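Below is a short report for a first look.

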Amino acid sequence: MAKIGIIGLGMMGTTHLDAYQKTAGAEVVAIADKSPALLSGEATASGNIEGQAAAGVASLGEGVARYSEASELINDPNVEVVDICLPTPLHTEYALAALAAGKHVLLEKPMARTAADCQTILDAANAKPELITMPAMCMRFWPGWDWLKTAVDEGRYGKVISATFRRIASLPPGGFYANAEASGGAILDLHIHDTDFVQYCFGMPSEVTSFGSSSVTNGIDHVVTRYTCDNGALIVAEGSWAMADGFGFQMQYQVNFENATAVFDLAAEKVLTLIEKGKDPVGIELDSAMGYDLEIEYFVKCLEAGTQPTQVTMEDAANTVRIVEAEVKSIETGQPVKL
Ligand SMILES: NC(=O)c1ccc[n+]([C@@H]2O[C@H](COP(=O)([O-])OP(=O)(O)OC[C@H]3O[C@@H](n4cnc5c(N)ncnc54)[C@H](O)[C@@H]3O)[C@@H](O)[C@H]2O)c1
């Protein structure tokens, strides 16, 4: 049984907590947060996807250790695995502390605030190959997105001609998001999911061309990027948290293959629709689990097997932040940026 400690009990820490409770082979033995109300379960963070962060701290038993400072949890000898769900600027400090303390690590996205910090974490993780380390790039586990990855890899519907990814929301509530120095803006915090998925499906882009605007924070709140990849397809992603309050959250893709079009829309009745040439559109049956649950299940399997993850690696996550930094540079310079 993997003994898990979760640091940060905001939306993501609570989401992970719920996921571990559903996963055989994992036991949450400690939690940490600076907020006494979150630590006691009196207050609960809420998610932006239905069913997310539903059970929370209130569902934990008496025997779970509770700390008001993340480093105390890291130094608890009963904790074998540290799950880091702290605000992004704290990822580097606590990932390095957890690795130094000999703990396995699951690290929320973005891996770190800068690509240079990602490299520092990567070097520390590589120096301790006996510790399992995984970045929480959840879209790689998301039902309907895993389907797309397999369809692309198999060439099931021919070559990809074009792919459009879209992730649009209003600014998340809570302390650190509105401060773009801390969060990196929507381009790093939100749009990163699509940047990572582009890399996952189509490899490291050779060039990015991005356009952006700033309206609700002091960072890039809305971005549109064209990725140049080896397959020559037209690949575009749009990300924003500049929508009016109450807009909610939209997550979509449209991928046009030689012989079919696939459309994912989180808000649609048929979330994933496939239209093969000459056939009627069909809804594809998806796993009812959330990507977060499948991500945690995979991580726990890696812990049990004692093998490093392959579905997503720390190196992938560091490369994703590198691509996002190239997108920022493209917006700042008004020029395409090579990688
Ligand atoms: N994978 C996803 O889809 C997804 C979605 C949302 C957020 N995230 C990422 O997850 C991370 C956390 O996001 P969030 O929305 O949960 O943030 P949040 O601000 O709601 O929660 C972070 C918590 O950490 C606590 N904290 C801060 N410093 C601490 C310390 N030293 N010791 C103990 N507790 C401390 C805060 O009190 C807070 O409750 C961010 O990096 C964010 O980008 C990922």
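Predicted model: local features only at pLDDT ≥ 70, side-chain atom pairs only at ≥ 80, totals over all residues.

Nonpolar means Ala, Val, Leu, Ile, Met, Phe, Trp, Tyr, Cys and Pro; charged means Asp, Glu, Lys and Arg; the others, Gly among them, are polar.

Domain 1 spans 2-135, and domain 2 spans 140-292 + 321-338. These bounds come from an automatic or database domain assignment. The domain centres, taken over C-alpha atoms, are 26 Å apart.

## Around the ligand

The ligand is surrounded by 28 residues (C-beta atom, placed from the backbone, within 6 Å). Gly8, Gly10, Met12, Ala70 and Glu108 are the closest. The shell holds 15 nonpolar, 7 polar and 6 charged residues. Domain 1 and domain 2 each supply at least three residues. Helix H1 (residues 11-21) has the largest share, 3 residues.

## Helix H4

Helices (H or I, at least four residues) and strands (E, at least two) are DSSP runs, numbered from the N terminus. H4 covers residues 91-100. Its buried residues (20 or more other C-beta atoms, placed from the backbone, within 10 Å of their own) are His91, Thr92, Tyr94, Ala95, Ala98 and Leu99. Their cover includes strands S1, S4 and S5 and helices H3 and H5. Gly102 follows H4, with a positive phi near 80°.

## Reading notes

Residues are numbered from 1 along each chain as its sequence is written. Local features need pLDDT of at least 70, side-chain atom pairs count only at pLDDT 80 or more, and totals for chains, interfaces and linings use all residues.

Notes
Buried ≥ 20, exposed ≤ 12 C-beta atoms within 10 Å, placed from the backbone. Contact = placed C-beta atoms within 7 Å.
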